[in-house]
Amino acid sequence: MAKNCLVVDDSKIVRVMARKILEGLGFEVFDAENGQEALDFCLKSPPDCVLLDWNMPVMSGLDFLKKIRAEAVGKNMKVIFCTTKTDADSVKQGMAAGANEYIMKPFDEGVIKSKLSEIGLI
Amino acid sequence: MYSEKYEEARLRSLISSVLEEGAGLCSPQINYATLLARVHAVCLGFSDRPLLTPLELLAHAHGKGYNKEFRQSVLEGFLTRDTLFFRDKDNFRSLQKWLEKYASFTPSNQHIKIWAPACASGQEALSISMLWHKLQQDKYNEDAKLEIFASDISTRSIAKAKSGIYNNFDAQCGLAIGDLLNFFDRQEDFGLWRAKTFLFDNIKFFEHNLLHSPPSFLPRKLDWIFVPHTLRDFVENTATRVITRLASLLSPHGWLALSPSEVEIGFRAGFKESEAAHKQGLFARSTFSYPDHLQSNSLLFDNTIYATSLEA
């Protein structure tokens, strides 16, 4: 059965690009435009992996991560931050909140592939 | 008047001859559009005026008599540079296990020696150095010393390797975020990362063509040779010649790391595959013996025992 990934980003271009890359790697892909949409989705049907932007309207990626990690369904979900917040403090904050890996935008297929491999999903 | 197909054939022939004669490499398996893009890049860097068509390139090449600079420029333009940190993770895991065991028994006056003879822009050598520093942080043997020799035929790649500067894409390929933050500094230019200077302390980068004899400063009893994804690009006879030369540089207990797609090449050269690393491309010398100072710990290098330790 194909693994699935939820792409959470308020940028349509990023969602489309990530979808194409992930589908090429054999994933089933869903998307959400902000943390609240992602939270609702994950509580109903937790995906294998979440590719998560940080700065988004309604609910940020960081708030989403803290909330989902507090839920039983979100304890083991793999979460990769994918953001323009690239300073060391942000990376540490994101990892401390429970991210499994961290991508600094811009990214390409090689980066996504490498990070998925790093967390054991491919 | 040249037809397009004729032009393509001439161009491929020219590039092939330069690659094979200069570095023993096969013709690149790329489509015509990619071939033209690379040729154009070569021309822009090589010529005092941008050449626009393959015909002009041919004319230029002939005009210059295929001179040394032109050949080097074509080599640079067509060499494979697709690499990443900790590529072929299984081989790095094996190296880590080996280092943990071997270095524990290595006297302080004897250095562990590793060569990456096709290191491209340095990711492989830096990966080994990172691995070593992580092990050293665990203080398993503070007296152990590691020397990494890293070479490539490409002047441009070696210059990049020495600089240790990678863009945001390259820096994130193969590196966990923790390693990126621990071993690299963010540069002021957006999106660039520079490897920390201490990683270079035990690396010697140099230019080297694998068709030529290795330089005199390269030790003749190497513990590991890391050369994945390289021999498959050579024409068959040349690959055998190169791997035979590499074998002669390994210590009797040395290991040769190729890639999973190069297992056949290793067998052809008389290596035996590591039992612990089936189809991984990791080979031991066919004639297996133990280094003198480790006779009392010879079981450490028994393949069966080693296999068990790797799989544990």
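Which side chain makes a polar contact with the side chain of A:Asp53? The partner is A:Lys105, at 3.4 Å. The points below concern a predicted model.

1. Setting of A:Asp53. This residue is placed in the loop that runs between strand 3 (49-52) and helix 3 (61-69) of chain A. A:Asp53 is buried because its relative accessible area is 5%, and the cut-off for that class is under 20%. Leaving aside residues up to four places away in sequence, A:Asp53 touches A:Val8, A:Asp9, A:Asp10, A:Gly61, A:Phe81, A:Cys82, A:Thr83 and A:Lys105.

2. Side chains of opposite charge can pair when their charged atoms come close.

3. Salt bridges overall. Over all chains, a search of the whole structure finds 12 salt bridges. Between chain A and chain B the count is 1.

4. The bridge across the interface. The side chains of A:Glu118 and B:Lys89 form a salt bridge at 3.5 Å, N to O. This pair crosses between chains, from helix 5 of chain A, which holds A:Glu118, to helix 5 (residues 89-102) of chain B, which holds B:Lys89. A:Glu118 counts as partly exposed because its relative accessibility is 30%. B:Lys89 is likewise partly exposed, with a relative accessible area of 24%.

5. Extent of the interface. Chain A gives 18 residues to the contact and chain B gives 14 residues. About 1300 Å² is buried between the two chains, and carbon and sulfur atoms give 63% of that area. On the side of chain A, the residues that lose the most area to chain B are A:Met104, A:Pro106 and A:Glu118, which together account for 35% of what that side buries.

6. Composition of the side of chain A. Across the interface, 8 residue pairs are in polar contact, with both residues at pLDDT 80 or more. The elements of chain A that give two or more residues to the side touching chain B are helix 4 (88-96), strand 5 (101-104) and helix 5 (109-118). Helix 5 of chain A supplies the largest share, 6 residues. By class, the residues of this side divide into 9 nonpolar, 4 polar and 5 charged.

7. A salt bridge within chain B. B:Lys160 and B:Asp170 meet through their side chains in a salt bridge at 3.1 Å, N to O. B:Lys160 lies in helix 7 (residues 155-163) and B:Asp170 in helix 8 (residues 168-172) of chain B, so the pair ties together parts that are 10 residues apart in sequence. B:Lys160 counts as partly exposed, at 30% relative accessibility, and B:Asp170 counts as partly exposed at 22%.

8. Chain B as a whole. Chain B has 12 helices and 10 strands. Of its 312 residues, 52% are buried. Among contacts in chain B between residues at least 6 apart in sequence, 73% join residues at least 24 apart. The accessible surface of chain B comes to about 14300 Å², and 51% of this belongs to carbon and sulfur atoms.

Key: Residues numbered from 1 in each chain as written. Chains lettered and ligands numbered in written order. Predicted model: local features only at pLDDT ≥ 70, side-chain atom pairs only at ≥ 80, totals over all residues. Heavy atoms only, no water. Contact = heavy atoms within 4.5 Å. Buried area = accessible area lost by both parts, 1.4 Å probe. Salt bridge = Lys/Arg side-chain N within 4 Å of Asp/Glu carboxyl O. Polar contact = N/O pair within 3.5 Å; in protein donor to acceptor, adjacent residues only side chain to side chain. Helix = DSSP H or I, 4+ residues; strand = E, 2+ residues; numbered from the N terminus. Nonpolar A, V, L, I, M, F, W, Y, C, P; charged D, E, K, R; others polar. Buried < 20%, exposed > 50% of the residue type's maximum accessible area, 1.4 Å probe, protein only. Areas by Shrake-Rupley, 256 points an atom, 1.4 Å probe, with all protein chains shown as cover.
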